[in-house]
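Please view the structure before reading on.

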Amino acid sequence: MPLNKQEMRLGHSEGHTDVCYEETGNQILTCGSDGDVRIWESMDDDDPQSINVGEAAFAIAMKGGKLYTASEANTIQAHTFPEGAADGIVTRFTAPVTHFCLSQDGNKVLGGASDFTMKYVDVEGSNQKTFHGHNAPILSVAIDPKLEYIASSSCDGTVKIWNIADQAWEKSVSLIPKCSDASLSKTLCRLSWKPNSGELLAVPLEKEIQVFERDTWDMAFTLTPTEVTGFISIVQWSPCGQFLASANTDGSICIWDVGSRECIDRTKHNKGLSICGLVWHPSGGNEIAYTDVMGNVGVLDNVIPAHRKKESRVSEYKQSADLFDDEAIDEDFLDAVTQAEVENKLTNEDEDGDDVTPATQHKRIMQIQDDDNSIDGSSRVGDDGASIMSGALDAMPPKPVVYQGPQPTPLQKPFIPGATPVHLSSRFMKWNSVGIVRCYDTDDESSIDVEFHDTSVHHAMHFDNQLNHTMADLSAEAVLLASEGQGDTASQVICYHFASWDNQKDWNTSMPKGENIKAVTLGFGWVAVATDKRLVRLFSIGGMQREVIAVPGPVVCLAAHGNQLLVVYHAGAGVPGEQCLGVQLLHVGGKKKQQICGGRLPVSPKASLAWLGFSAEGTPCAVDTEGVVRVLNRSMLTWMQIANTKNHTKSRSDHFWVVGLNESPQQLRCIQCKGAPFPPTLPRPAVMVLPFQIPLCDLETEKGQIEESYWRADTLSRHIDYSTSQGYDEDEMNKAQAEREKQDSIMKLFALACRTDREFRAAEICQLMTSQHAVSLAIKYASRSRRMALAERLNLLAQQMMEEEMAAMETEQEEEEENDVYQAPPHTARDRSTSEWSTLSRSRPANRQASTQDHEEEEEEEAEVEDEDQPMDEDGEYDEDGGDGEMPEMKSRQTPALVIKPRKDMHPKSALPSSQPRKNPFKKNSSSESQVACKGSSVFDNMKKTSKIKLKSPPPEKPIVVKVKKGKTQATLFGNMKSPKQKEKDENTKAEMDNSAAVKKAPSGFSFWLSENQPGLAEESPELSEADLVKLAMQKWRSLTPEEKKEWGAKAKESVEPSESDSDPKENHNAQDTLTEGKKRKLSTDDEVKQGSEKRVKGQQGKVKNQDGVAPKKPLLSSTNSKLAGFAFKKD
């Protein structure tokens, strides 16, 4: 009789529906998304019994008089039958159960859920084993009839075969499309073991059924249906093991004869709906029940044709004959009995039309073998050679036992970081810090949308995806799309350069024949394309071809940032179950092209690469499927783990999809995905921020937490040095903030080591300090804690640090001087020779005078830097002796670094006296270096006394007062003065210069800039001391361009011009008279000291009487005092 399809009945609401038979086959049980279990007596049952098991039921099975269901409560529940009362929870998961099955004896339950786990439960003993290894929700599970293996399929695209005893998978094959959830999967991939023996495992794929052999797990054969569309979703073996039923997503059901490997019958759903449940009749084997996604249930009768049924019966007798093997029994007698029983059974079945399975009460049956002497291959039973057993018995030669070593791990396929799987109809082609590229591929539309996070970069874009682009990248300059070759169409890359200033915004290039693109990326001004020929092709952003780089292995993915290109490839076969990835970091932009580093890319055990990219600051980063985030430590060129996203998940099925990383501030930007490794496109997922944490030991202790904080700050601040070396401008505030965080952690560790009496550890910690101020604080802390041995050790460390710092400062100063001489900008005077400048100075006196003033301003800035580092006495004035208590050996090291002497050849020479630079009255005398300080003082006594310079306004100019120590005479003060002739010559020159123009000393450009910006700097860095604030100001001043410096110098000069215009001409005349009188007479030592003291106390506000006792009307101007000081203390 032909296959009979009964009319379907509506059993449940729309959604996934499962079906099973009662053990005797008299009833059909179904469950659906409405949470009900219905018991059908037949398809004519208009009022089936209903049992509510929850809000939704996803799977159903029955064995041993118990009913088992999987509901939305994340459990597999047992119920009594037919009452349906709850009879206990078999096992529990952290996500909904997607599928479960029972062993043939009903004592074992295997379930899989959306939390990526499977549980194998012994119902009688309540023992449970958990299997981990899938990276996506479970689709299907199946138990080996011999209870040695289990099989599973997952949304991660793999089919795995597990050893129950070892709880480890032995075979893993990527066969099905990937997806994020079981409800989104195109196939249910219901696996099925061959009954009784379990020698074959059937796996449904897209267009075929693959059958694998036991133990070797090699593919034995495939079954491919014809004229069938959609995916093959379900396969089920018949109870006899000779037939196989398959169901497609288009509603087709096929019946296969496994022996002949042909489709013996097929039918199709009337409405073409997808089949989601299928099961054979447990006893008859000639009936199939099935369900669809709309909640309907149906039955197929007469599934197996009559002639196929006879062959199956004979085969069953043949398979059971191996149970009897006694040579003492008459073989002919047994052969005759066996043949008679077979023929009798087959005759009865033909007459009655009953398809009941033959009785199994025969326990002593011998296998019927072919006669070796029979040429035609007929059986020994029967004379005509056409016995019913002839041809049905295929002697299977024993397979040789061959040892097979570890199987190679399948290589990870190429992918685009920040993209979801290609097979999805709506997916992300790229998500990065610039924007999002989405792809929609449906029957009605195939398009690509580009959205920018910052709309000021560019407006949203829309493209038609006619060429089936599967790869994309996005930058602030362009959009890059690429497609693989299909048939005669070559693989192609298209670049939409929207930042171009011309009208032609796009260009495209086709790859050579037989070469397919596997990965693409965009850098700053260039494009990189990786192909399956192990080549990385570089293009300019405008479309010009550049270098072609050969890669040692198949490319996995690419990433770019600025001029950096990161290439990850397969470096070889890894250990079983793991990937062996190599990485190359190349500098492909600019004039200097080179490989920065290479080697192996570390990934977690049993994991693969999930994301590759750069931080916003340009540091290479990588994330694997275990959630471990690693960055490249540029100081050691090694990879360091800085985060693990799995530490922030609530269940194993949760994932974090990384989209970006920032080092300052320390942020890991990612999208949380529940029950899937990647997010859906709609609704638009929200980006969240995760913190960093280096996996140090004892993180629950205070010591471990502080250590982790220090090394995290140290690792994530390495990009500052690299960016500076590449010519990028780094924010000084960020650099100071990173340094401050490290120093705070170091001081906390030092204090903790002192509290726990770990002095040696405290000394080790101090070696990580980078500033003398921090070491001085450590010394004070150790002294107050009465740890004198530690303080002495730190004192030696401070001396060593100071020596190294002085040497570095001298080297830096020499380099700056050389750069000023040989690499000065063209618009400055330093790059001109003396003769050229002299020629120009003769023709342009005004320019010569301006150049002289600029040179004087530079000298004043150097003097101010020197004065800022010079200690001050209690009265707030600079101490020429370097401060009381300073050790002599330290002073000898410190003085040369503080006295900055300009090179003589750096300044233009001129015959005019006015071009000669004035001497700095505050500059230390070289003789002061030999002075000896008090013994027994600490190195850091003066470090506490920082220079208290008033930063809000330029330092006032006041008369120069020389502090004379006891025992010195007037001869000592004026011993270095010049000869009378030379002095007379200098006096005449000075008089000429004074008569030409009464020049008032203006504050330097730096002083004026500092007075204007000091409040802002203090507000930005309130924690810095005054000395550190001045150093920070000097750094910012040096970063200004020469034009900006000149502009501030001009502002400083303008600030004093009004005061000069308002001054009385008589005062200038009196000042000149005073200068003349000072040249003609000499004061005694006591009078000079007394006069200097009075000037220091009273300043310009006091009134000093002259020799005649007449008080002047107004005090002398600052410019006059400066000229007096320059004349009185002028030295060779």
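## A loop glycine

Contact here means that heavy atoms lie within 4.5 Å. The model is predicted, with local features requiring pLDDT of at least 70 and side-chain atom pairs counting only at pLDDT 80 or more, while totals for chains, interfaces and linings use all residues. Residues are numbered from 1 along each chain as its sequence is written, and side-chain values use heavy atoms, with hydrogens and water left out.

Gly-514 sits in the loop between β37 (506-510) and β38 (517-522), where strands are DSSP runs (E, at least two residues) numbered from the N terminus. When neighbours within four places in sequence are set aside, Gly-514 contacts Asp-532 and Lys-533. From Gly-514 to Gly-487 the C-alpha to C-alpha distance is 10.0 Å, with 27 residues of separation in sequence.

## A three-stranded sheet

An open sheet is built from three strands in the order β50-β51-β52, with antiparallel pairing; two strands pair if DSSP finds at least two bridges between them. Its edge strands, β50 (655-662) and β52 (687-690), each pair on one side only. Neighbouring strands of this sheet are turned by 35 degrees against each other on average, direction ignored, the axes being lines fitted to C-alpha atoms and angles running from 0 to 180 degrees between N-to-C directions.

Strand β51 (residues 667-673) is joined to β52 by four bridges, and Leu-668 stands opposite Leu-690 in β52.
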